[in-house]
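Open the model in a viewer and keep the selection tool at hand. The stops below go from strand to strand and end at the ligand.

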Amino acid sequence: MSSPEGGPLLEGALLEARGVQVEFVTRSGHAARALDGVDVSVRRGEVLAIVGESGSGKTTLARTLIGLQRPTTGEVLLEGRPLTYSTRGLRNLRSRVQMVLQDASASLNPRQTVYESVAEGIRLHKTVASDEQARNEAELVSAAMAEAGLRPPERLFLRYPHELSGGQKQRVLIAGALALRPELLLADEPVSSLDASIRGEILALLLKLRQELGMGVVVVTHDLGLAWNIADRIAVMYLGRVVECGTTEEVLTAPKHPYTRALLSVVPEIEELEPVVLTGEVPDPSRIPTGCRFHPRCPALADGSAERAGIADACRTAPLEILPATGLHRVACHLDRVLSAQPG
Ligand code: SF4
């Protein structure tokens with residue numbers, strides 16, 4: 001089987017986006033493409049990080065993968081089958097793929113106890129048969145809270161969000177997702193609102209869930225340092241497209257796309273790269289540049305290296321291919337093609 005662009009699929013993919021476009025109309029009446037042809041795949045038991053600045057389309061991609069946003073074209077597949085957006089189809093998806101939102105304080109209902117918050121999904125999805133409901137539900141809630149590191153669970157059942165720390169709130173959200181025994185967890189900026197000391201704990205928890213429960217995890221983040229600590233594979237997004245993808249080691253130790261290099265150069269833990277300050281306009285999905293969409297901000301065009309390689313015109317005018325989600329290290333850049341073709 002092959003993707004619409006002709007590349008092979010990632011073996012054993014649980015959830016995939018294939019050639020996904022999401023279009024919308026801005027307030028000023030302009031058509032915009034938040035996603036402009038995206039292929040990504042994730043397997044059970046692996047952590048995929050989707051990284052990029054604000055405006056890159058990463059959150060729209062997460063919403064599309066969980067069925068909250070319907071693609072304008074392209075499709076999302078669960079174990080090779082296209083999603084159906086019927087109530088039944090979405091219910092099936094959400095029982096297997098759960099999303100953890102970024103702001104736990106805003107996501108938790110202040111009037112619900114911890115127990116009610118964690119049990120909400122179970123009740124919605126009616127995971128528990130009605131006659132034994134109360135006992136089984138309590139067992140599921142208790143198990144999910146323990147897995148999320150809220151121990152002993154019973155002591156926290158009747159607490160309200162305002163009585164919890166930031167880390168505990170995030171764990172309650174994760175427990176709510178785990179209560180449905182999903183195969184994949186989709187976490188949007190899971191630690192961005194937390195103190196540094198708690199961030200490590202939540203990341204360790206996500207890795208533990210992958211290891212102990214064999215769960216797949218998709219982490220959406222602007223933070224390449226976070227991706228480095230947690231991900232097996234990375235997809236770097238810019239203005240609605242994946243511009244570089246591969247294993248974490250490939251992408252972060254040998255970045256090929258000038259955008260990935262610029263993002264990496266400002267990660268404090270990585271000192272080998274000269275800091276690159278990106279200039280030019282902030283990405284605007286209603287005005288996607290011709291040629292390479294990164295060209296107005298590309299350091300390789302600004303410093304003359306694209307000109308010397310003879311690809312400056314191509315950068316400004318020649319479109320680049322959609323990267324297929326094969327799991328291999330791939331980059332959408334004319335300069336990389338020239339450099340890769342050079343001997344040695
Ligand atoms: Fe820069 Fe050209 Fe590569 Fe785009 S294609 S990232 S403009 S060198």
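**Through the sheet to the ligand**

Select strand β7 (residues 184–188) together with β8: the two pair in the parallel sense over five bridges. Strands here are DSSP runs of E with at least two residues, helices are runs of H or I with at least four, and both are numbered from the N terminus; two strands pair if DSSP finds at least two bridges between them. Within this pair, Leu 184 has Gly 216 of β8 as its bridge partner.

This is a predicted model, in which local features need pLDDT of at least 70 and side-chain atom pairs count only at pLDDT 80 or more, while totals for chains, interfaces and linings use all residues. Residues are numbered from 1 along each chain as its sequence is written.

Six of its six residues are buried, so the strand is largely enclosed by the rest of the structure. Buried means 20 or more other C-beta atoms within 10 Å of the residue's own, with C-beta atoms placed from the backbone. One side carries Gly 216, Val 218 and Val 220, the other Val 217, Val 219 and Thr 221.

Zoom out to the open sheet of seven strands, ordered β6-β7-β8-β3-β9-β10-β11 with mixed pairing. β6 (97–100) and β11 (330–331) stand at the edges, each with a single partner strand, so one side of each lacks a neighbour in the sheet.

Finally, select the ligand. Of the 13 residues around it, Cys 292, Cys 298, Cys 315, Cys 333 and Leu 335 come nearest; a residue is near if its C-beta atom, placed from the backbone, lies within 6 Å. Helices α11 (299–302) and α14 (334–341) each give two or more residues to this shell.

Note on methods: A residue is buried if 20 or more other C-beta atoms lie within 10 Å of its own, exposed if 12 or fewer, and partly exposed in between; C-beta atoms are placed from the backbone.
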